[in-house]
Amino acid sequence: MGAIELKAVEKWFGPLQVIKGVDLEINDGEFVVFVGPSGCGKSTLLRMIGGLEETSRGHMLIDGTDVTDQPPSKRGLSMVFQSYALYPHMSVRDNMGFSLKTAGAPKGEIKEKVDRAAEVLKLEAFLDRKPKALSGGQRQRVAIGRSIVREPTAFLFDEPLSNLDASLRVDMRLEIAKLHRSLKTTMIYVTHDQVEAMTLADRIVVLEYGVIAQVGTPRELYERPANLFVATFIGSPKMNILPCVTQAGEFLLDGAAKGAFSGTTPAVHLGIRPEHISVTQPDAGHCNARVDVLEYLGADTFVIADAGTLGQITLRITGSTDLQPDDVIGLSFAPEHLHFFDTDGQRCGD
């Protein structure tokens, strides 16, 4: 079992409050990702769950047992850090089995568990090598294997792929996803990389300065962000946010009525994702814009355009385009994909 519950947990460093009353339930076998900008408290919260940081207030429960005051060794969790922290003089086999050896486990049990973990992580051919003879991705797999042999209640990953290059990050991301599917063990994963969050998570916890901005599946966060922070943090390129006015069941851009608005709370921001904007003739869409920059990425092209008082707008179009810088175009927004936010930045209009 690996159900974890946080009840109004807080973390203070002297007069500075870093975690501000977080309530969260993580189900047994769930893959939950903590994501947010630097300094939002995601690593601190993970370390509190692991027992590496004290919980100033609130309660931490694992499978219904209050472990708030218990040390890391009593929580049954295993952490994988950004740094591999392997013993350079030991072989892969000895690195993976070291925790079991220090716990006094029989040699046969150690060998069985190490061999099983090596099979899961495709490390059988490297068991007799030293860490210096491994690639970065292989070293990180050894670090994960060292956690697997302990058969923890849950795995805690603290930005484990940050030291890898872009190609290895993609490979290791796939390995971790397959590992979760194979082990069916609770995993909590911290990252600032929203691509990792979107592709790995069953649910994502978006943190903003020590509080939870929203919890949901990747699709829920992308399609129905609860506030402006989530709307602009999740998605690349980020959601376009335009100033708007709502009145009499309509929304207005630049003073002109552009479509229906069904909310009871007035909206002052309209959000639209780049892929939900199409190019039209000038004056035929929701607004006009002048093309500033074209970013050709092969399958997609990002068009960055200046819409005057509405600000800069990014749209995503497929493949190549005949557009050129300084072209004046019309932009049409898909009405079913409009997002409205009030003066407090909260979602409205649904």
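E109, E112, K113, R116 and E151 are linked in a network of salt bridges, a salt bridge being a side-chain nitrogen of Lys or Arg within 4 Å of a carboxyl oxygen of Asp or Glu. The model is a predicted one, in which local features need pLDDT of at least 70 and side-chain atom pairs count only at pLDDT 80 or more, while totals for chains, interfaces and linings use all residues. Residues are numbered from 1 along each chain as its sequence is written, and side-chain values use heavy atoms, with hydrogens and water left out.

A search of the whole structure finds 14 salt bridges, including these pairs:

| Pair | Closest N to O distance |
|---|---|
| K111 and D115 | 2.7 Å |
| K178 and E175 | 3.8 Å |

E30 lies in the loop between β2 (16-26) and β3, and R203 in strand β9 (residues 203-208), so their pair ties together parts that are 173 residues apart in sequence. E30 is buried, at a relative accessible area of 9%, where buried means under 20%, exposed over 50% and partly exposed in between (1.4 Å probe, protein chains only). K111, by contrast, is partly exposed at 48%, as is D115 at 24%.

K178 and E175 both lie in helix α5, three residues apart. In α5 (residues 166-183), R169, M172, R173, I176, L179 and H180 are buried. Seen down the axis of α5, these buried residues fall within an arc of 125 degrees (taken from the directions from the helix axis to the C-beta atoms), so they line one face of the helix. The face turned away from that buried side carries the exposed residues L174 and R181.

Notes:
Helices (H or I, at least four residues) and strands (E, at least two) are DSSP runs, numbered from the N terminus. The expected span of a helix is 1.5 Å times one less than its number of residues.
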